[in-house]
Amino acid sequence: MSGTITGMWFRKDLRLVDNTALIAMMKERDDNESVIGIFNINPSQLKKGTLNHQAFFAAVEQFSEEAEKAGLPIHFIVGKPEKAFETLKKAIPELTKIYFNRDERGYGKKRDEAMLTFFSDYKIQVNHFQDSHLHGVSEIKKDNGEAFKVFTPYYNRWKKLKKPLFQKEEFADFGVKGADFRQLFKEEQKYVSDLLAEIPIELKGEVGLQRARGYLSRFIDKKVSSYEVDRDYPAIKGTSRISRFLRTGELSIREVYHRLNDSDEGGNSSDTFLKELCWRDFYNMIYAENPEQQTLEIKEQYRGLHWNQNQGMLIAWKEGKTGFPIVDAGMRQLNQTGWMHNRLRMIVASFLTKDLLTDWRLGEAYFSQQLVDYDSASNIGGWQWAASTGTDAVPYFRIFNPTLQGKNFDSDGTFIRFYVPELANVPIAYLHEPQKMPLDIQKQVGCIIGTDYPEPIVDHQKMRSEILSLFKGQ
DNA sequence: TGTCCCTTATA
DNA sequence: ATAAGGGAC
């Protein structure tokens with residue numbers, strides 16, 4: 001083959017449509033330039049065996065098949081990015097240009113910065129783009145040039161800014177086939193097929209653009225108009241459920257934004273939902289501004305908090321055996337499905353930090369294993385919000401009462417009964433406080449407290465005053 | 001995107 | 001007795 005080769009390096013942008021870097025590559029290429037698709041697997045970054053990992057690689061597998069069908073076979077390269085690209089360059093010396101959509105925070109940002117140096121050393125030209133968010137981390141600043149720290153003023157600015165367009169082009173529209181050098185990477189292909197063989201079949205259903213668009217359409221057609229109210233009730237499927245497709249990039253954030261806007265001409269039924277898309281940009285920006293936030297409280301004042309080290313409490317929380325029905329139902333939804341309703345994420349996070357006095361980092365770490373929609377910026381931001389240690393976080397004295405939250409947001413107990421089957425027959429009068437059930441009713445409904453379902457592992461009022469004094473003492 | 005507890009008003 | 005409102009944490 002004469003001419004040069006240009007690579008599209010896919011990462012959390014597993015899509016052939018409205019992919020900023022991919023479209024740029026196809027538009028800018030000239031006739032003697034071939035293109036290839038690349039995906040790097042860095043074994044040291046894998047969280048094998050977790051739902052997060054399995055869901056992501058289920059999407060990778062689906063994407064790889066779609067890309068091959070569309071004429072862009074994906075070349076998997078394995079190892080630390082520098083090593084993997086060194087091997088790639090040795091096997092394909094004509095590779096002189098790379099396109100990718102950059103990561104603007106966290107591990108991905110460090111990787112991208114290191115790789116810019118690497119590519120420059122190897123005389124590989126690089127073009128990279130902001131593709132993952134409606135507004136990148138540096139786009140929205142206060143008038144004095146500083147980053148926002150509070151959500152509402154950030155949102156007011158965000159709302160006014162013009163959003164990037166949805167680009168309808170797909171790879172196939174350009175009438176060019178990607179080159180196929182996969183026979184040079186037999187070992188890597190074996191590694192990938194072994195890795196994919198470990199993915200449970202249940203996780204392979206919730207993947208792909210078609211699926212994602214199904215959720216999006218259902219949400220826009222049927223749910224967004226009542227989203228503001230319905231989204232708070234876990235028993236109602238009132239949320240969009242597109243988060244898993246946004247974190248893999250199977251669904252473009254621009255497609256989401258413009259479909260919402262087009263369906264809501266002049267109305268404001270989607271304002272509350274747009275706010276959630278803004279939170280996604282906000283926390284992305286906050287993580288870029290606070291690169292240590294995965295391990296360090298943003299509020300310096302609270303860096304020395306003395307958290308409870310009791311492992312048993314943490315385990316009870318993880319397993320959904322705290323004796324607080326709404327908390328347990330939420331944790332079991334997470335464990336069984338890899339997803340948790342947003343109201344419940346707030347409740348269980350408040351419970352871990354404010355009722356069990358447990359370090360928010362442990363909760364964040366558990367979510368990072370379990371969530372099929374895990375996004376580090378949103379997850380860390382959410383945990384620091386709940387722990388009252390983040391910027392624009394809930395004030396430390398604004399403490400959720402888990403029993404009241406259950407009564408308010410699952411008043412008839414539909415959600416609790418579904419995920420905590422041992423409580424299925426408990427009368428509603430006792431469902432949110434099963435420990436108050438008289439023994440004869442316990443026997444009658446087949447749920448003995450302390451045997452079939454735990455006593456509350458803490459006294460909320462007691463823990464509330466304890467956490468208040470912990471925070472006040474800082 | 002809270003809850004508690006007090007006061008005051010009304011029954 | 002209960003609702004509504006406000007301050008405190």
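How far apart do the end C-alpha atoms of residues 4-134 lie, and how much of the span is helix and how much strand?

**Entry 1. Conventions.** I note that this is a predicted model, in which local features need pLDDT of at least 70, side-chain atom pairs count only at pLDDT 80 or more, and totals for chains, interfaces and linings use all residues. Residues are numbered from 1 along each chain as its sequence is written, chains are lettered from A and ligands numbered from 1 in the order in which they are written, and side-chain values use heavy atoms, with hydrogens and water left out.

**Entry 2. Residues 4-134.** I found the end C-alpha atoms of this span 33 Å apart, with 42% of the span in helix and 25% in strand. Helices (H or I, at least four residues) and strands (E, at least two) are DSSP runs, numbered from the N terminus. An unreviewed UniProt entry lists residues 4-134 as "domain: Photolyase/cryptochrome alpha/beta"; such annotations may be inferred rather than shown by experiment.

**Entry 3. Chain A overall.** I counted 21 helices and five strands in chain A. The C-alpha trace spans about 85 × 55 × 45 Å along its principal axes. Buried residues (under 20% relative accessible area, 1.4 Å probe, protein chains only) make up 56% of the 474 residues. Of the contacts (heavy atoms within 4.5 Å) with a separation of 6 or more, 76% join residues 24 or more positions apart.

**Entry 4. DNA strand B.** I looked up the residues near the strand, meaning those with a heavy atom within 4 Å of it. There are 15 around DNA strand B, and Arg343, Met346, Phe397, Arg398 and Ile399 come nearest.

I then checked polar contacts (pairs of N or O atoms within 3.5 Å). The side chain of Arg343 has an N or O atom 2.7 Å from a base oxygen of DNA strand B. Phosphate oxygens are approached by the side chains of Gln405, at 3.1 Å, and Gln461, at 3.1 Å. Elements giving two or more residues to this surface are α11 (271-289), α14 (342-355), α17 (402-409) and α21 (460-472); α14 gives the most, with three residues.

**Entry 5. Thr353.** I followed α14 to Thr353, which is found in this helix. Is Thr353 buried or exposed? Thr353 is buried, with a relative accessible area of 0%. Not counting residues up to four places away in sequence, Thr353 touches Trp307, Thr358, Trp360, Trp383, Ala386, Ala387 and Ile467. The C-alpha atoms of Thr353 and Pro402 are separated by 12 Å, at 49 residues apart along the chain.

Notes:
Polar contact = N/O pair within 3.5 Å; in protein donor to acceptor, adjacent residues only side chain to side chain. Buried < 20%, exposed > 50% of the residue type's maximum accessible area, 1.4 Å probe, protein only.
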